[in-house]
Amino acid sequence: MLIERLGSVVETLHLHSFALSVYQRVGALNIRSYLRNRGFREAPDGLAIPPAWMLMAVAGSAEAGAFLDGGRKAAQSIRDILRRNGSQMEDLGAILDFGCGCGRVLRFWKELRRTEIHGADYNARLAQWCRNNIPFVRVGSNELMPPVAYPDAMFGLIYALSVFTHLPEHVQMAWMSEFRRILPSGGLLLLSLHGAHYLPRLHEAERRRFLDGQAVTRHSRSAGMNLCCAFHPEDWVRKKLAMDFEVVDFVPEGALGNPRQDLWLFRRKPGVLPRTYLPLH
Ligand SMILES: C[S@@+](CC[C@H](N)C(=O)[O-])C[C@H]1O[C@@H](n2cnc3c(N)ncnc32)[C@H](O)[C@@H]1O
């Protein structure tokens with residue numbers, strides 16, 4: 001409750017970016033994480049470990065071990081849900097990690113030889129870190145709202161882990177429409193969302209809204225930052241968020257590496273493609 005109030009004060013004063021940056025940097029000074037991270041000067045995959053404030057920004061902990069372990073589990077859960085539904089990473093042509101952060105999951109696709117691996121993030125510094133440190137991916141940065149510069153129907157799979165969990169409803173809907181554009185008919189979309197597990201954390205009015213089948217967003221003015229939190233009732237996802245998609249699979253609390261979030265796999269329905277094409281920056 002105190003954190004909530006602080007969050008509201010910070011938003012009212014338009015200090016959310018600053019407050020978040022202080023939070024990440026102070027969290028990065030955690031002595032226990034520092035001592036543990038000494039064992040991770042080089043990760044087992046031979047790639048660099050992002051600075052501690054970036055680990056805080058994407059995983060809420062400055063510990064390199066937890067970052068790597070969470071990314072490995074998340075990558076495995078993507079492979080698993082695809083395989084269970086008759087698909088595999090190797091056959092998807094091009095994939096997009098939307099809201100890729102500092103490459104927690106991207107770094108696990110090194111061995112995919114036939115697949116083009118792309119990432120995009122709203123935070124230009126995280127995207128830049130990926131460009132500098134993960135040689136087998138192509139990463140761009142985008143605005144909070146669509147569009148992105150990719151051509152129509154470019155990707156066989158788009159996944160966004162712990163991203164829609166930080167976006168207000170109208171921003172989520174706008175991205176669903178953009179994903180529809182950059183996926184072909186039959187293209188796959190994988191999202192991790194805050195589902196019923198989070199119900200006890202909601203305030204009375206939020207809980208009523210959630211149980212009534214409506215999306216709930218906290219701190220909308222901090223959209224795209226971790227202070228903003230969105231919650232997703234199953235009914236709302238099926239009827240509203242996914243209206244241009246077929247629900248292929250739904251695993252409550254199944255997003256391994258993004259604990260307790262629901263994992264949703266959608267397939268894009270056929271339909272007319274809106275055309276939008278702007279350069280990435
Ligand atoms: C909690 S982090 C998760 C990062 C990564 N998906 C992972 O699982 O490690 C949320 C990420 O979403 C990014 N993000 C938020 N809004 C976005 C938007 N509109 N477009 C692209 N990225 C966004 C943030 O910058 C941040 O890197």
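# Reading strands, helices and rings in a predicted model

User: In which sense do strand 4 and strand 5 pair, and over how many bridges?

Analyst: Two strands count as paired if DSSP finds at least two bridges between them, and strands themselves are DSSP runs of E with at least two residues, just as helices are runs of H or I with at least four, each numbered from the N terminus. Here strand 4 and strand 5 pair in the parallel sense over 4 bridges, with Ala160 having Leu191 of strand 5 as its bridge partner. This is a predicted model, in which local features need pLDDT of at least 70 and side-chain atom pairs count only at pLDDT 80 or more, while totals for chains, interfaces and linings use all residues. Residues are numbered from 1 along each chain as its sequence is written, and side-chain values use heavy atoms, with hydrogens and water left out.

User: What unit do strand 4, helix 7 and strand 5 make, and how many bridges join strand 5 to strand 9?

Analyst: A crossover is called right-handed if, with the strands pointing away from the viewer, the path from the first strand over the helix to the second runs clockwise. Strand 4, helix 7 (residues 169–182) and strand 5 make a β-α-β unit of this right-handed kind. Strand 5 is also joined to strand 9 by 6 bridges, and these two run antiparallel, with Ser192 standing opposite Leu263 of strand 9.

User: How many residues of strand 5 are buried, and which of them point each way?

Analyst: A residue is buried under 20% relative accessible area, exposed over 50% and partly exposed in between, using a 1.4 Å probe and protein chains only. The side chains of a regular strand alternate between the two faces of the sheet. In strand 5 (residues 188–193), 6 of the 6 residues are buried: Leu188, Leu190 and Ser192 point one way, whereas Leu189, Leu191 and Leu193 point the other way. For the chain as a whole, 50% of the 281 residues count as buried, and its secondary structure comes to 9 helices and 9 strands.

User: Which residues of helix 6 are buried, and what covers them?

Analyst: For a helix, one can look at the arc of the directions from the helix axis to the C-beta atoms. The buried residues of helix 6 (residues 124–133) are Leu126, Ala127, Trp129 and Cys130. They lie on the same side of helix 6 because their arc around the axis is only 155 degrees, and on the other side Arg125 and Asn132 are exposed. Contact means heavy atoms within 4.5 Å, and what covers the buried residues includes helix 4 (52–59), strand 2 (116–121) and strand 3. At the N-terminal end, Asn123 caps helix 6, with a side-chain oxygen 3.0 Å from the backbone nitrogen of Arg125.

User: How many aromatic pairs does a search of the whole structure find?

Analyst: Rings of Phe, Tyr and Trp (its six-membered ring) pair if their centres lie within 6.5 Å, and the pair is stacked with planes under 30 degrees apart, edge-to-face over 60 and tilted for the rest. The search finds 10 aromatic pairs. One of them is edge-to-face, formed by Tyr150 and Phe155 at 5.0 Å centre to centre with 80 degrees between the planes, and both of these residues are buried. Phe250 and Trp264, by contrast, have centres 3.9 Å apart and planes at 20 degrees, so that pair is stacked. The pair links distant parts of the chain, with Phe250 in strand 8 (residues 245–251) and Trp264 in strand 9 (residues 262–268), 14 residues apart; Phe250 and Trp264 are both buried. Ring pairs also link Phe98, Phe164, Trp175 and Phe179 into a cluster.

User: Which residues does a cis peptide bond join, and where do Ala153 and His219 lie?

Analyst: Most residues other than glycine have a negative phi, and most peptide bonds are trans. In this model a cis peptide bond joins Pro146 and Pro147, with omega about 10 degrees, and Pro147 lies in the loop between strand 3 (138–141) and strand 4 (157–160). Ala153 lies in the loop between strand 3 and strand 4 and has a positive phi near 55 degrees; with a relative accessible area of 32%, Ala153 is partly exposed. His219, in the loop between strand 6 (216–218) and strand 7 (229–231), has a positive phi of about 55 degrees although it is not a glycine, and at 10% relative accessibility His219 counts as buried.

Key
A polar contact is a pair of N or O atoms within 3.5 Å; within protein, one must be able to donate a hydrogen and the other to accept it, and residues adjacent in sequence count only if both atoms are side-chain atoms.
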